[in-house]
Amino acid sequence: MAANANGVPTPRSPLARIQTQKKQNGICHDDSGKPVKAQTIDELHSLQKKRSAPTTPLEGAQGAFASLSEEERQRQQLQSISASLASLTRETGPKLVKGDPAKTQAVARVAHHHHVEAPTISVSDSSLKFTHVLYNLSPAELYEQAIKYEKGSFITATGALATLSGAKTGRSPRDKRVVIDDSTQDELWWGKGSPNIEMDEHTFMVNRERAVDYLNSLDKVFVNDQFLNWDPQNRIKVRIVSARAYHSLFMHNMCIRPTPEELENFGTPDFTIYNAGQFPCNRYTHYMTSSTSIDLNLARREMVILGTQYAGEMKKGLFSVMHYLMPKRQILSLHSGCNMGKDGDVALFFGLSGTGKTTLSTDHNRYLIGDDEHCWSDNGVSNIEGGCYAKCIGLSREKEPDIWNAIKFGTVLENVVFDEHSREVDYEEKSVTENTRAAYPIEYIPNAKIPCVGPHPKNVILLACDAFGVLPPVSKLSLAQTMYHFISGYTALVAGTEDGIKEPTATFSACFGAAFIMLHPTKYAAMLAEKMQKHGATGWLVNTGWSGGSYGYGSRIKLPYTRKIIDAIHSGSLMNATYQKTDVFGLEIPTEIEGVPSQILRPENTWGDKKAYKDTLLKLAGLFKKNFETFTNYKIGKDNKLTEDILAAGPNF
Ligand SMILES: Nc1ncnc2c1ncn2[C@@H]1O[C@H](COP(=O)(O)OP(=O)(O)O)[C@@H](O)[C@H]1O
Ligand SMILES: C=C(OP(=O)(O)O)C(=O)O
Ligand SMILES: [Ca+2]
Ligand SMILES: [Mn+2]
């Protein structure tokens, strides 16, 4: 202890205060900026976020809700969601609160739900609890929800949200059911080959109640109010109620995003999805053959999802709805990609999963209209969606730069594997599934055409990934051949990822989308023929599959070659090429294309074993013939001539 001159210990005096105010030239700088306005930490944090649309009203907004107070508008919106979530047998609708339950302390806005005079037996505990609604959250908010509450959600090195879709990593077409009633019985395509497996109205209601009860049992649900179809005259309002931020972000990306003003005027949706994917269906329920059920009720304009979290089920479910609604308006719905050249020439890319719709429609030299779902009306083409859903397996920056660069903040990356530390994605890795996917808003592609509409198509490209290796890389089709191949909807993929698979399997899927069409295939085919004829479109068959032998012997046609072929179609140079006709399929093949080795244009040139080639060709032709048998009794279009021509346009041997 210090002592004074007299040796008496003195208590330690406090150190002199350091002066920070006066000193101008000292080494110790103080922050000379204005102090923060906040008095407390909480207040400081509250300054971080300023209130924004869509939860605040637009100043001076016009339209139906413009005269409403913000309070009233919010009340109506909650009431609409409450009606969506209402149990049909008990209370009229759950008590809804807007916002994250983790954040809302005081109950801010509660839906005023009118209890109808009902016997007490209809009252349940669920009517006493609150369900928080996370309404049209932004990608940033959805990231936070996913990362906090959903296991398996991570931010990758490029900022995408990596998620796991659970046990199901692809669609479940055998579990898709459609309600059969007096009108759908006659209107829809039922029976052999049809994707529409029937269920009755009552069973639908059982599953609907199951999904709604599940959703209402949660603390919070996500609600997306969005649009389908960029054609303003044929736009559909959709509402998606889901339990996961992953699903909400997926649909945010895949459907058309409303502006804040459009959202204020949204009103009642035209179609609603209840996605209770985490919760299974009850297998004691009539019609249920597994714990997964995807149920479509056209009369009620509703879809219920139980027992699968694969997000593609929602987008393709809505596509089915469009395949029902659009033809009623003389509009053709198309399972195709679509892009447009600088001169306004539009091309459609039809094809089954994995044949190249997304890859080939995403072309740095052309405007992207969409990668998967379109409409062709009297005004031209329009994309149904607001985003793309690209396969990621084997993705490379150099071969597919635009898709690569789209995998950034906001993009949902499903079922990919990444380095636990660097979070770099390994796009070769198939350990979760081969069907790894990226879902991103279409404007993430630099040359997207917004709004996603275009004039009538000039070229209709049918993509087939022929793992038999006998179809030419490209052939020019007559109208009858185009219809024959459109109705056939052929592709052959290798059966799986395991080695030892020698035989590719042929798949025939009418209109290149049998899983989604609702009417008989000839209805769509007749519309396509009529539109192609009227607008002078040319059909092409492009094999993006094997060359030089079947799977196991040959190899997949190099993507740069397929791109050169597609370039020659777009530029018009292939129209003027010299053609040779093949036997059996009677396909017209060009002898030369710039940038493509000529010998690969004729498949038989690339096969070492000519007999094996011929045998394989005849085998495939036989499969085509057998598949087409079911269509031979149908008339396509107005005159018999086209029907006869189509039948004659198949393989002859
Ligand atoms: N010659 C080729 N043409 C098109 N795609 C090819 C070719 N060779 C390999 N591929 C790969 O095949 C896949 C095609 O998938 P994708 O474009 O997503 O199909 P779709 O959109 O029709 O389901 C992509 O992973 C692409 O990289
Ligand atoms: C999302 C899908 O589409 P595609 O594979 O055609 O891109 C699908 O079929 O589930
Ligand atoms: Ca598709
Ligand atoms: Mn695709």
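## Nonpolar cores

In this predicted model, the largest nonpolar core comprises 123 residues. Those with the most contacts inside this core are Ile273, Leu413, Tyr440, Phe486, Phe585 and Ile646. Helix α8, spanning residues 312–328, supplies the largest share of the core, with seven residues. Because domain 1 (162–454) and domain 2 (457–648) both give residues to this core, the core lies between them.

Leucine 413 illustrates the surroundings of one such residue. When its neighbours within four places in sequence are set aside, leucine 413 is in contact with Thr156, Ala160, Leu161, Ala162 and Thr163, and also with Cys392, Ile407, Val425, Tyr427, Arg437 and Ala438.

## Packing of α3 against α6

Helix α3 (residues 139–149) and helix α6 (residues 245–254) have axes that come within 9 Å and cross at roughly 155°. Since angles over 145 degrees count as roughly antiparallel, α3 and α6 are therefore roughly antiparallel to each other. Their crossing is left-handed.

On the α3 side, the contact is made by Pro139, Leu142, Tyr143, Gln145 and Ala146. On the α6 side, Ala245, Ser248, Leu249 and His252 take part.

## Packing of α6 against α8

Helix α6 also packs with α8, at an angle of about 45° and with the axes 9 Å apart. This angle makes α6 oblique to α8. The crossing of α6 and α8 is right-handed, whereas that of α3 and α6 is left-handed.

The residues of α6 that make the contact with α8 are His247, Phe250, Met251 and Met254. Their counterparts in α8 are Gly312, Met314, Lys315 and Leu318.

## Lysine 37

Lysine 37 is found in the segment before α1, a helix that covers residues 41–48. Is lysine 37 buried or exposed? Its relative accessibility is 72%; because the threshold for an exposed residue is over 50%, lysine 37 counts as exposed.

Lysine 37 and leucine 47 are separated by 10 residues in sequence. In space, the C-alpha to C-alpha distance between lysine 37 and leucine 47 is 8.8 Å.

Conventions. Residues numbered from 1 in each chain as written. Chains lettered and ligands numbered in written order. Predicted model: local features only at pLDDT ≥ 70, side-chain atom pairs only at ≥ 80, totals over all residues. Heavy atoms only, no water. Helix = DSSP H or I, 4+ residues; strand = E, 2+ residues; numbered from the N terminus. Buried < 20%, exposed > 50% of the residue type's maximum accessible area, 1.4 Å probe, protein only. Core = buried A, V, L, I, M, F, W, Y, C linked by side-chain atoms within 4.5 Å. Domains from an automatic or database assignment. Contact = heavy atoms within 4.5 Å. Axes fitted to C-alpha atoms, helices over the stretch in contact; angles between N-to-C directions. Parallel < 35°, antiparallel > 145°, perpendicular 65-115°, else oblique. Left-handed = near helix turned anticlockwise from the far one by under 90°.
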